[in-house]
Amino acid sequence: MNLTKRLLLSLALVLPATTAAQSISQSQIEQFKSMPRAQQEALASQYGVDLDSIAGSASRQKQRPKNVNVVEPVDAISDEERERARQEQDDNEEQDRKNGGLKPYGYDLFVGSPTTFAPVTEIPIPNNYTLGPGDVLRVQLWGKENQQLELPVSRDGTVSFPQSGPQTVAGLTFDQARQQIKKRVSEQYIGVQASVSLGELRSMRVFVLGEARNAGSYTVSSLSTITNALYVSGGIKRTGSLRKIQHKRDGKLIGELDLYDLLLAGDTSNDNRLQPGDVIFIPPVGDRVGIEGEVYRPALYELKNGTNLQELVNLAGGLTPQAYPQLVRIERNNDDFLRIIAEANFTTPKGRQAKVKPGDRIEVASISDITGQYVEVKGAATRPGRYAWVPGMRVSSVIQSLDNDLLREADKRYAAIVRTDPETDTVSVINLRLREALDNPGGENDILLQEKDQFLIFADEGKVSAKSQDQNDTMTERSASSNGTSTRANNHSGTNSEESNEVDYGRFSREALFAPVLQRLKGQAKPGAPQQTIQVTGPVRYPGEYPLPASRQVSDAIYVAGGLKDSASLYTAELARFGVDEEGTGETRIISLNLEAVMKGGASASLKSRDRLLIKSIPEFAQARTIELDGEVRYPGQYTIRNGETLRDVIERAGGLTDNAFPEGAIFTREKLRQLEAQRLKEAEERLQGDLVGVQLEGDDFGGQNAERTQQVQDLLEEVQDSRPVGRMVIDLAAVVDSETYQPIRLQGGDTLTVPTIPQAVSVFGEVQFPTSHLHTKGLTVDDYLERSGGPTRQADEDRVYVVKADGSVMLPEKSRWFGGRSQQLAPGDTIIVPIDVDRLNQLELWTNVSQIVYQMALGAAAVGNL
């Protein structure tokens, strides 16, 4: 106890003098800390000593400098370094292109930049680890006394052990230092045992030089190896060697690292641990050779100490199963610096031992495709591809079920077999009645197959179109019923994803699958062996060009084209045949066929090369031409019209006009007229746009008239763009119905007739103050109605005022002999048009015409004459 009091008294005297040179030894502090906590507090209270000060003093003595990050974070990289990295990447890509796409092997190991440097502390410490200043030993005492000590190695290489003074450990291995400390504890502390481990490790500075990405000096952990330092420095440039990395100490070479051992075999035996001041030197890359083709790792490899072909293939991961080892091409430079090609047989010892030279480019060839003993299925099959062929195989051996082996959209009636003659290498096409072949296996239609036969299974375009329509209808229903919730939106997007993966049935059409066959048939044609193709046109399901059927029968050609449509005429067909006359000049003959007799087998017609078979359509077959009757007719609706039928005939079929009908205002429209009006509108819009550009180029004048004129032209252009063609034809419906002498109006498909009710208004449109409609009052003239609409505007052309009658005809009040000037009285349904004064804007006749077109179409009363 007296010893403790003396210790505490010395502490009390020393601690307040924080600036004095005097200090407390570590052994004294440890002695005080070994006392029980209650005794420490009692003595500290008695002598007025702050326990936190003692603990703080101890911790300050144990403090070590924090590790400093030696690699900057990526965000801290300067723009110059980023630009340098981009330039290096561009250079590498350019070099790869020169090497035919081959990249140097192994450099991807160092892809990416380290963000921070963390010392290696979480790995087991080897027993031969050499201690040095900066390391920290952790000593756990247990038994009679329980303590946890952290003993840093000071600069003089010692640790301060409590109550026993310093002990030198620098230069000792960790195992030696551990044994000495355990021995010292057992000798000086009775009943106490010790466990020794390493805490924080010291840092050391090493140099990474040569072809490093970021050469320089780096502070690394004392457990770091060569590869750790390479990672810290950013890796190795492509110009640096991966196979001769030198480890130097005090200017002497103490080891060499081959990274290929690490990359290819995981061998780290030469990855030496570094010591302070060590140098890692990366020399320039050695000789390289490239290997490509059927190897697992095509790349550029660095040679070392002479390499043969077997060793190079091993570096590349070996040959793939598709490799053809009997042919290895070697492209190299000869003594005259010219590129030559040599070959090696890798299956022989001599070929495997062939030496490779710097700059060689080696290609391992692939085995040939399947060359025989197969038949192939193409098109709309569930399992297309090649199947093993055996003698005696038939169609039913390959296609066993129409439902299971073919897609639902496949044409199950017809297929084609493309056969190659093994002696002449020419192709021919055999037409196959697929359903009949499977219904009667071994029968006449179940054809015997030959080696390399190709099945062409076509899509039925009718089924494909019906499926597409069903999908569109389903999508429309889903879109209409969607309430915008997230669940339905997700389901809808899923449906779109599924439909985007639908099969492209266009690849299985007759045109697509027959295209390469037709190409070969045309290519193999020669004198004495004419081109074996024909063409079928007209109302068949799949018109087009086809191989000449082996039977040469017209009925078979029609069967290949999918059969006749119901619009086909059975009375007659034409066969155009190209031949040569007696003088050797080409000629065309037309042969008429009784198609019905040909289809029933009652007549035969043999086809020849390049024949063109025309199937004629029944005239006006199923051509439904209609007229729409609307308004004040007895039975309005859409009526089918016969050829040559007139408007009067259809009105009679519809029960005539009602008592409330106003035939003078009937609107009769025709589709062809609407198309003509649309063309006029388009031409007017184009010309107005050109005039608008011209007015704008003139610039503004002093009075601002050009600006006003530009705005007016723009307004007129907008009206033209907003106008819609009507296609109205002016008729006198009352005369059509009542007068037999009136010119008959022959109807066309798409015609419409709208009969309004008796009107009571007169409308005023155009350049008036208030364009509107007025109740018809008997006795009022054009001027009276203009006055009721506020009179003309400043832009109005009062000399060109005209009236559009209810039947669509146009009258000029000032010039018509039917008008008594503008004092003429108007009838119900008439419309007064006051056009714009285009002369005031510019002397352009176009603007006058355009304004009239717009007004007429707005009223649906364009009188463009009869067809």
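Modeller: We can start with the term cavity: on a 1 Å grid over the protein atoms alone, a cavity is a set of points where a 1.4 Å probe fits but cannot get out. Please keep in mind that the model is predicted.

Biologist: How many cavities of 30 Å³ or more does a search of the whole structure find?

Modeller: The search finds 2 cavities of that kind. The second largest cavity has a volume of about 30 Å³.

Biologist: Which residues line the second largest cavity?

Modeller: Its lining consists of Leu141, Glu145, Gln147, Pro162, Gln163 and Tyr189. By class, the lining residues are 3 nonpolar, 2 polar and 1 charged.

Biologist: Turning to charges, how many salt bridges are found in the whole structure?

Modeller: The count is 29 salt bridges. In one of them, the side chains of Asp360 and Arg332 meet at 2.6 Å, N to O.

Biologist: Which parts of the chain does the pair of Asp360 and Arg332 tie together?

Modeller: Asp360 lies in the loop between helix 10 (349-352) and strand 15 (361-366), and Arg332 lies in strand 13 (residues 323-333), so the pair connects parts that are 28 residues apart in sequence.

Biologist: And why does Asp360 count as buried?

Modeller: Asp360 counts as buried because its relative accessibility is 2%, and buried means under 20%. Arg332, at 14% relative accessibility, also falls under that limit and counts as buried.

Biologist: What about Arg541 and Asp460, whose side chains meet in a salt bridge?

Modeller: In that salt bridge the N to O distance is 2.7 Å. The pair links distant parts of the chain, 81 residues apart. Arg541 is in the loop between strand 21 (533-537) and strand 22 (544-547), while Asp460 is in the loop between strand 20 (454-459) and helix 13 (461-481). Arg541 counts as partly exposed at 32% relative accessibility, whereas Asp460 counts as buried at 9%.

Biologist: Which residue forms a salt bridge with Lys805?

Modeller: The partner of Lys805 is Asp830, with the closest N and O atoms 2.7 Å apart. Lys805 is partly exposed, with a relative accessible area of 23%, and Asp830 is buried, with 2%. Elsewhere, salt bridges that share partners join Arg243, Asp258 and Lys304 into one network.

Biologist: Back to strand 15: how does strand 13 run against strand 15, parallel or antiparallel?

Modeller: Strand 13 and strand 15 run antiparallel and are joined by 5 bridges. Val328 stands opposite Val364 in strand 15. Strand 11 (residues 288-293) runs parallel to strand 15, with 4 bridges, and Glu292 stands opposite Glu363 there.

Biologist: And in what order do the 5 strands of the open sheet stand?

Modeller: The order is 17-16-20-18-19, with mixed pairing. Strand 17 (385-388) and strand 19 (427-433) stand at the edges, each with a single partner strand, so one side of each has no neighbour in the sheet. Neighbouring strands of this sheet are turned by 25° against each other on average, direction ignored.

Biologist: How many bridges pair strand 16 with strand 20?

Modeller: Strand 16 (residues 374-379) pairs with strand 20 in the parallel sense over 4 bridges. Val377 has Phe455 in strand 20 as its bridge partner.

Definitions and conventions
Residues numbered from 1 in each chain as written. Predicted model: local features only at pLDDT ≥ 70, side-chain atom pairs only at ≥ 80, totals over all residues. Heavy atoms only, no water. 1 Å grid on protein atoms, 1.4 Å probe; cavity = no way out; pocket = protein on both sides within 12 Å on 5 of 7 lines; lining within 4 Å. Points joined across faces, edges and corners; volume = space filled by probe spheres on them. Nonpolar A, V, L, I, M, F, W, Y, C, P; charged D, E, K, R; others polar. Salt bridge = Lys/Arg side-chain N within 4 Å of Asp/Glu carboxyl O. Helix = DSSP H or I, 4+ residues; strand = E, 2+ residues; numbered from the N terminus. Buried < 20%, exposed > 50% of the residue type's maximum accessible area, 1.4 Å probe, protein only. Pairing = 2+ DSSP bridges. Axes fitted to C-alpha atoms, helices over the stretch in contact; angles between N-to-C directions.
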